[in-house]
Amino acid sequence: MRIVVDAMGGDQAPGSPVRAALQFAGSHPEIHLMLVGQRECLQPLLPSTLPNNFQVLHASEVITGNEEPVHAVRRKPNSSLVTAARMVKEGQAEVMLSAGSTGALVASGLLIIGRLPGISRPALAPVLPTLTGGRLLLLDAGATMDADAGNLLQYAHMGALYSRHVLGVEQPRVALLNVGEEPGKGNHVTKQAYSLFEQANFQFTGNLESRELLEGRADVLVCDGFVGNVVLKAVEGLGLGMFRLLREAMTQSLHTKLAAAVLKPSLQSLRNRFDYSEVGGAPFLGVNGGCIKAHGSSNERAWFTALEQSLLFVRQGVLQKMGERLQTTL
């Protein structure tokens with residue numbers, strides 16, 4: 001089993017991905033882990049003797065976040081991100097992991113790895129923590145801005161499979177993000193998608209309004225990439241803002257500081273429930289190979305969690321199961 005890591009992507013690269021990869025290789029001797037990046041940047045971070053299941057591959061270029069994704073992928077064939085995608089395409093690795101530019105990862109997935117047969121629009125699927133302690137798979141979160149009802153149906157099938165085999169939900173509940181709960185709500189795309197979902201062989205629980213997003217009423221939430229990306233960033237921004245306001249309120253006076261000291265364990269537990277480093281990365285579902293996007297701010301813990309997620313993706317045969325499901329439903 002082979003995992004390739006783009007060591008140059010993300011705010012804390014290459015330090016965090018290198019340390020996490022070394023730790024992961026040490027705890028999983030059965031896998032072969034390949035680190036791709038500029039050798040001169042990686043070498044000072046590596047021990048003199050590498051684990052037997054650990055390999056470093058040189059990639060002379062790096063794609064930055066301010067580059068136009070498609071042009072960057074085409075202009076920089078020797079970048080760490082493109083090299084990792086090419087290794088998946090050529091069968092040198094089963095899954096790739098990167099915290100670099102989301103747009104470039106999506107472009108690499110489409111242009112280099114390619115789509116699964118029958119898939120017209122792959123989807124980016126981040127995992128959100130819910131208020132009930134569960135996890136919500138949201139797709140699409142930005143890979144395709146304009147999706148039709150057929151695309152949404154494919155997202156639902158892929159999301160249900162991923163939720164079951166990677167997130168461990170036995171019977172995933174699939175919902176459609178909409179402006180109201182009634183079947184007749186929404187635009188022509190969501191109305192048509194609702195009818196398709198009702199006839200599908202997954203557990204469809206109906207429409208879900210955005211205010212109920214984190215209430216734990218669904219395990220898989222389907223929408224187009226424009227709406228999904230807005231929702232994802234709104235939730236992330238709201239969470240960061242609330243914790244900042246709470247911290248400010250707890251440090252205003254001696255009394256609030258004393259209260260904060262008493263509440264610190266509970267507040268830390270609450271923060272951990274919504275810590276992105278504990279939920280892994282966002283799989284790019286619908287491409288013909290394992291492709292996972294880690295959070296751009298991933299620290300060592302987040303990288304390790306994303307590596308565990310990558311391993312589970314391969315062990316559970318998600319790609320094969322997805323292909324089989326799509327062949328029987330499309």
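1. In this predicted model, the residues Y194, F197, F202 and F204 come together as one aromatic cluster, and the structure as a whole holds five aromatic pairs.

2. When reading such contacts, keep in mind that a pair of aromatic rings is described by the distance of the centres and the angle of the planes. For Y194 and F204, the centres lie 5.1 Å apart and the planes stand at 75°, which is an edge-to-face arrangement. Y194 belongs to helix α7 (residues 188-199) while F204 belongs to strand β9 (residues 203-208), so this pair ties together parts that are ten residues apart in sequence.

3. F204 also forms an aromatic pair with F197, again edge-to-face, with 5.2 Å from centre to centre and 85° between the planes. As for burial, Y194 and F204 are both buried; F204 has a relative accessible area of 18%, which counts as buried because the cut-off is under 20%. F197, with a relative accessibility of 0%, is buried as well.

4. Turning to another part of the chain, helix α6 (residues 149-165) consists of 17 residues and spans 25 Å from its first C-alpha to its last, which is close to the 24 Å expected at 1.5 Å a residue. Of the 17 residues in α6, 15 are buried, so the helix is largely enclosed by the rest of the structure.

How values were computed. Residues numbered from 1 in each chain as written. Predicted model: local features only at pLDDT ≥ 70, side-chain atom pairs only at ≥ 80, totals over all residues. Heavy atoms only, no water. Phe/Tyr/Trp six-rings, centres within 6.5 Å; stacked < 30°, edge-to-face > 60°. Helix = DSSP H or I, 4+ residues; strand = E, 2+ residues; numbered from the N terminus. Buried < 20%, exposed > 50% of the residue type's maximum accessible area, 1.4 Å probe, protein only. Expected span 1.5 Å × (residues − 1).
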